[in-house]
Structure formats: C-alpha cells, structure tokens
Amino acid sequence: MAEITVGQVVKRKAVLVRPDDTIHKVARILARNKVGSAVVVDENEEIVGIITDRDILDKVVAKGKDPKKVLVKDVMTTKPVTIEDDYTIQDAIDKMMDKGIRRLLVTRVGKPIGFVTAADLLAALNSMNSEEEEEIEEETEVYGICEICGQYGPLYKVYIEGQEKWVCESCKDELNL
C-alpha cells in the first residue's frame, strides 16, 4: 500500500498575514481567497500563529468589538499545530485526533505551504481505499471446475448468451471472449 503524504493532499495554499494587521483587513483577505484561515508570520517570515474565521467570529464579532481596531495578534492562536508535508495522512489524522482540531498547518522545512482539513484527509483515505479495492479485485483469482470442459484450474467469469459462466482460459480463448 503506497502511503499518501500530507503534501499530496494540501488543497488550500497558505495565506499569510501579519500580527499587526487589523481583523477587518484579514477578514477581507480570507473572503477574497475563499479560505477559513491564515498563517500569521513575523517580519522574518517565521510562523507566530494562525487566525481562523472562527477566531474572528468568537473573539471579535460575537463580543461586539470593532474589527477595524482589533489586531490579529490579540485574537490569533499562538503556537499552531503543524505537520511537515512529507508525513503521511495517517500521521495527520492521529495528530488532529490527539489535539482535537479540524485543520492542520502544513509546512515544508518549517515554512508554511497550506492547510489540510479533516475532510481533505477523509477524501484522500476514501480515494486510497477505492484504489486498493480495485487492485484486490484484479488480483483475485478464482479456482474451480470449468462449466464447459470440466477441467479444474483458474476460472474467468464470462457471459454466454446473457448467462454468467465460469470457464477456464482454454475455453475462454476458444469462445473468443
């Protein structure tokens, strides 16, 4: 089974904002980019936090604060949970479960590249499981008695005059199926 890495699943590229940006500015950036979170970086491009639409809703809007006066550094989540892009999706799922979070900041050598959500990881797992099922179906050989010649050996499912039959390779070849 080939392992899918977190980097292969990243759909949302990292949107970067500064700690001194206003919530109003960040909300517009999030809306314009159609994302729910942004990475907060300092002047050295080091990650100092993340800000999510939920942070804005819970810590600013619900409390009646003015988004044009509240700064990102006042409501951001510091020390965000990150995962390097070469880790597997199972590592990401384990980390999300352990921390009780719905999204992970994906980094490459410590630099932000994007986010993965629980939904992204589930979709990747589903895709991986579908591919495995197809491989299993193709690799499975059926052995038994040919319904035409009576020989024992590997069988192939064929349809003759609308009826399903299990036949050996020789009979399959003779019938041009």
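1. A salt bridge here is a side-chain nitrogen of Lys or Arg within 4 Å of a carboxyl oxygen of Asp or Glu. Arg-108 forms one with Asp-85, and their closest N and O atoms are 2.7 Å apart. This pair links distant parts of the chain: Arg-108 sits in strand β7 (residues 103-108), Asp-85 in the loop between β6 and α5 (89-99), 23 residues apart. Arg-108 is partly exposed at 46% relative accessibility. Asp-85 is buried at 12%. Buried means under 20% relative accessible area, exposed over 50%, partly exposed in between (1.4 Å probe, protein chains only).

2. A word on the source: this is a predicted model, in which local features need pLDDT of at least 70, side-chain atom pairs count only at pLDDT 80 or more, and totals for chains, interfaces and linings use all residues. Residues are numbered from 1 along each chain as its sequence is written, and side-chain values use heavy atoms, with hydrogens and water left out.

3. The protein chain has seven helices and eleven strands. Helices (H or I, at least four residues) and strands (E, at least two) are DSSP runs, numbered from the N terminus. The radius of gyration is 27 Å, well over the 16 Å that the globule rule gives for 177 residues, so the chain is more spread out than a compact globule. That radius is taken over C-alpha atoms; the rule is 2.2 Å times the number of residues to the power 0.38. The C-alpha atoms fill a box of roughly 85 × 30 × 25 Å along the principal axes. Of the 177 residues, 34% count as buried.

4. Four strands form an open sheet with mixed pairing, in the order β1-β8-β7-β6. Its edge strands are β1 (12-13) and β6 (82-84), each pairing on one side only. Two strands pair if DSSP finds at least two bridges between them. β1 and β8 (residues 111-117) run antiparallel and are joined by two bridges. Arg-12 stands opposite Phe-115 in β8.

5. The structure holds seven salt bridges. One of them joins Lys-111 and Glu-46, with closest N and O atoms 3.2 Å apart. Lys-111 lies in strand β8 and Glu-46 in the loop between β3 (37-41) and β4 (47-52), so the pair ties together parts 65 residues apart in sequence. Lys-111 is partly exposed at 38% relative accessibility, as is Glu-46 at 40%.

6. Asp-58 forms a salt bridge with Arg-54, with closest N and O atoms 3.5 Å apart. Both lie in helix α3 (residues 53-61), four residues apart, about one turn of the helix.
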